[in-house]
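Please look over the model below before reading the points. They are written for someone who has not seen it before.

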Amino acid sequence: MVSRISVAVALCAALVGGVVLYGYSQSPASAVYAAKKDGKPGGRGGTHGFGPASLSAKSTADLTGWAKDRLTLEKQRRAHTLVIHSANPGSAGGGSVRGASVRTPDGPVAGTTAGFVRAASAGGGVSQARAVRGVAAPDAVAPAGGNAVKSASLAGSPPRAKESLALPAAGIPVGGSSSALVLYDTTGPYGQLGELYAMAAANLAGHFGSVTAKPVSAYTSGMTEQYTATYYIGSTYYGGTVPDAVPAALYQDVLTTSHPVTWIGDNIWNLANAAGVTKFQQTYGWDPTNSYFASNGSVGSITQVTYKGRQLTRKIPAGQDGGVLHPAILTGPGYPQVTALAQALDSSTGTTFPWALRSGNLTYVGEIPFAYVSENDRVVAFEDLLFDGLAPATPQRHRAFVRLEDISPKSSPSDLRACADYLFSQHITYGINVIPEYTDPNGYYNNGTPETVTLAQAPDVVSALRYMLAHGAVLMNHGLTHQYRNVNNPYTGVTGDDFEFFLSHIDASNNVVLDGPPPEDSALWAQTRVTSALALFQAAGLPRPTLWTTPHYAASAADYGVIGQNYGARLERSLYYAGTLSGGTVDATRYIGEFFPYAVKDVYGTTVLPENLGNYEPLPYNNHPARLPADLIASAQANLAVRDGVASFFYHPYYGTTALQQIVSGIQGLGYTFVGPTDLAQ
């Protein structure tokens, strides 16, 4: 049940081998935490989500090293001492990039029914050294290695090590007819970050149609012509001991294709050098070779991005901020106009500069916006910019959705009916997330006496659920028990309070830390819990839910595969694991968390419906402030920047209807129209 999430996982967690969640239920000291409503547990409210870094503990630690190394290489590039070797497979000898002919053994692959294709990196051949503007000529040629492997389609289940997967897609159809090519870096000491960022981009592109994700080294000549738009995520700052893995063919094709290309982050200066700096300047109107992340020796304090008149936040802690590229825009005769799409603000100096810009077919985004995100974050700008390349004719449309959370056999029927009556009076279709078995294995809320109640044993609650279904509700499944065994995970061991598919604890600083999947985690274990949950709905005479929300938004790749095989869609924020795109062994210690402003087909092959505002939480908890109606409404306002976006939140019925009415009316006042969950995929 976690939601204030900033998309993922936190920084201090690296010290304890886990992940600090950005938001959860109330802290153990909270009065509400131990309170009961109508003599029954109120549940652990809390926001669902991951920590502010958006990454697992290991990947957050990688981010620290990445930022440090990046700024070291930046200083060398600025001083014209950076040496860049080319790792283009199949090329030999020195010379400029323009003169290289590159073709990898892995050709373009068509999209699958799931909408996703993954391709592993191609390597081999002789690396090529070159001198480029702003860097020094190398003294020696650095070797490059690796073996080409076949492309494999990705859908349905998470990949197994060294196996090709071609599984059918599950779920409610989503997406249009566009096709996206996502290219990402894999080399260097922090190359693993590239795949995580690529999954984040590929998931978003899955809203628009089919997506192919490849290591950039696997790019072959002409591939930009085979896709509606191409996206390169530059997460490895090439230079020194890390050869440039971008094939000369990509540099050439960016300059010649008429299809949209979006370049994100690093190595745009290598593109300019490959083209010839003067030609690049005359074609695009700016000079990447004279553009830097640390323009004055420091990345500054960039805290805000303004996009379409919306002020979006940017909050990255010192030591992990690699900066935003300050583009050197050229003006005067001979230079085309450059359009600044979004403006970054350096609050340390008060200066602004383009965060994203466009000239001709080339869009450039000055940073990878997937780490340290929140509901009001600059990632919203990127989520909307995807429309420009993949669905530019999309009209403005702003929809909203609400789901009622943590409904169990111990919920108050009067609370459920009150919420149903209000939403029905507003003609709002809404979701009800139901946990079919309540358990308090240690008697935490029952004076030390263990207690377990199923839906069939709670006829008053079932009657209230039927009432809700007759008054606009759509039934959703929220786990089997929403807790794990008889242990505090991390709170009480009681339904609604704890994780079910992930282990966690609270550290000495009162942060919730994710520890990873439980030892018995497997597809069979997850399927057993899903089967048991569905049987309990049937035993209570309720319809089979076709939508799922993972308790506290955390599960393993195997679990997500099982969920996709049993439900039409997930409505949640999710974790995405290293190894998913590459087809290697899934690494449960490296992942990225993500939430969406619209429905997507994700890299697991499942339709994911959006939850992007979080939830009402009147008290602070686990070092995070309360989240009040005004906060959710402000997030909805920020998300108006997405031209066809959704403002989706969840609410606990035990809080009554006053705050619910404030949130709903506030979101409607912004111009949003509430719709049902299955409408979100359209």
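Predicted model: local features only at pLDDT ≥ 70, side-chain atom pairs only at ≥ 80, totals over all residues.

1. How many cavities of 30 Å³ or more does the structure hold? There are 4 cavities in that range. This note takes up the second largest cavity, which has a volume of about 130 Å³.

2. The lining of the second largest cavity is made up of 14 residues. Nearest its centre lie Trp 66, Ile 316, Gly 322, Glu 367 and Ile 368. Helix 2 (residues 57-78) supplies the largest share of this lining, with 3 residues.

3. Turning to the helices, helix 10 (residues 523-539) packs with helix 11 (residues 557-566) at an angle of about 40°, and their axes are 8 Å apart. An angle under 35 degrees would count as roughly parallel, and one of 65 to 115 as roughly perpendicular. Helix 10 and helix 11 are therefore oblique to each other. The crossing of helix 10 past helix 11 is right-handed.

4. Which residues meet where these helices pack? On the side of helix 10 they are Ala 523, Trp 525, Ala 526, Gln 527 and Val 530. Their counterparts in helix 11 are Ala 558, Asp 559, Val 562 and Asn 566. Sorted by class, the contact of helix 10 with helix 11 has 6 nonpolar, 2 polar and 1 charged residues.

Definitions and conventions: Residues numbered from 1 in each chain as written. Heavy atoms only, no water. 1 Å grid on protein atoms, 1.4 Å probe; cavity = no way out; pocket = protein on both sides within 12 Å on 5 of 7 lines; lining within 4 Å. Points joined across faces, edges and corners; volume = space filled by probe spheres on them. Helix = DSSP H or I, 4+ residues; strand = E, 2+ residues; numbered from the N terminus. Axes fitted to C-alpha atoms, helices over the stretch in contact; angles between N-to-C directions. Parallel < 35°, antiparallel > 145°, perpendicular 65-115°, else oblique. Left-handed = near helix turned anticlockwise from the far one by under 90°. Contact = heavy atoms within 4.5 Å. Nonpolar A, V, L, I, M, F, W, Y, C, P; charged D, E, K, R; others polar.
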